[in-house]
Amino acid sequence: MKKKILFCCFLTLLLHCTSVSEDDLIEDIQPINNITYNINVKPIIDNNCITCHSNPPENGAPMSLLTYVNVKEAIENRNLIESISTNDLGLLMPFGGPRLPQNLIDTIIQWETEGFLEE
């Protein structure tokens, strides 16, 4: 019986020991270079905006966001970045939903800053 208990204790210790440290789990996340509409921005828009910003727009949305030109125009002339960045729940997009994660907002801002690359 003692041998079984010792074996179980040894097995438990063996299975719970690891050489992974917290430093191994944390990666230094670098910003993406050359944000493009097709690779980085379109998936964000498709997953969060198209429900209302389709063609034709639904639920009172003022414009479609289906194409590169639509999204670029919305940033340049329709305050899209302000709408997704605000903390005012009455103005926040996506409407009625939670605010986009900051990393997604930052991706769209970086896309604008880098000159709206398409491909």
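Helices here are DSSP runs of H or I with at least four residues, strands are runs of E with at least two, and both are numbered from the N terminus. The model is a predicted one, where local features need pLDDT of at least 70 and side-chain atom pairs count only at pLDDT 80 or more, while totals for chains, interfaces and linings use all residues. Residues are numbered from 1 along each chain as its sequence is written, and side-chain values use heavy atoms, with hydrogens and water left out.

Taken as a whole, the protein chain has six helices and zero strands, in the order α-α-α-α-α-α. Of its 119 residues, 26% are buried; buried means under 20% relative accessible area, exposed means over 50%, and partly exposed is in between (1.4 Å probe, protein chains only).

Next comes the core. A nonpolar core is a set of buried Ala, Val, Leu, Ile, Met, Phe, Trp, Tyr and Cys residues joined through side-chain atoms within 4.5 Å. The largest one holds 21 residues, and V41, I45, L65, V71, I75, I108 and W111 touch the most other members. Two or more residues come from each of α3, α4, α5 and α6. As for L65, its contacts beyond four places in sequence include I45, C49, I50, V71, A74 and L80.

Helix α4 (residues 68–77) has Y68, V71, A74 and I75 as its buried residues. They line one face of the helix, because seen down the axis they fall within an arc of 140 degrees, the arc being that of the directions from the helix axis to the C-beta atoms. An α-helix has 3.6 residues a turn, so residues three or four places apart point the same way. On the face of α4 turned away from the buried side are the exposed residues V69 and N77. Cover for the buried residues comes from elements including α3 (37–48), α5 (80–85) and α6 (102–113). Just after α4, N79 takes a positive phi of about 60 degrees.

Helices α3 and α6 also pack against each other, at an angle of about 135 degrees and with their axes 10 Å apart. Axes are lines fitted to C-alpha atoms, for helices over the stretch in contact, and angles run from 0 to 180 degrees between N-to-C directions. The pair is therefore oblique, since angles under 35 degrees count as roughly parallel, over 145 as roughly antiparallel, 65 to 115 as roughly perpendicular and the rest as oblique. On the α3 side the contact is made by Y37, N40, V41, I44 and N48, and on the α6 side by L104, T107, I108 and W111.

Back at L117, the residue counts as partly exposed because its relative accessibility is 32%. L117 and N34 are 83 residues apart in sequence, yet their C-alpha atoms are 7.5 Å apart in space. Outside four places in sequence, L117 is in contact with N34, I35, T36, Y37, Y68 and W111. One of these, T36, lies in the loop between α2 (22–25) and α3 and counts as buried at 5% relative accessibility. Beyond its close sequence neighbours (up to four places away), T36 touches V41, W111, L117, E118 and E119.

Conventions
Contact means heavy atoms within 4.5 Å.
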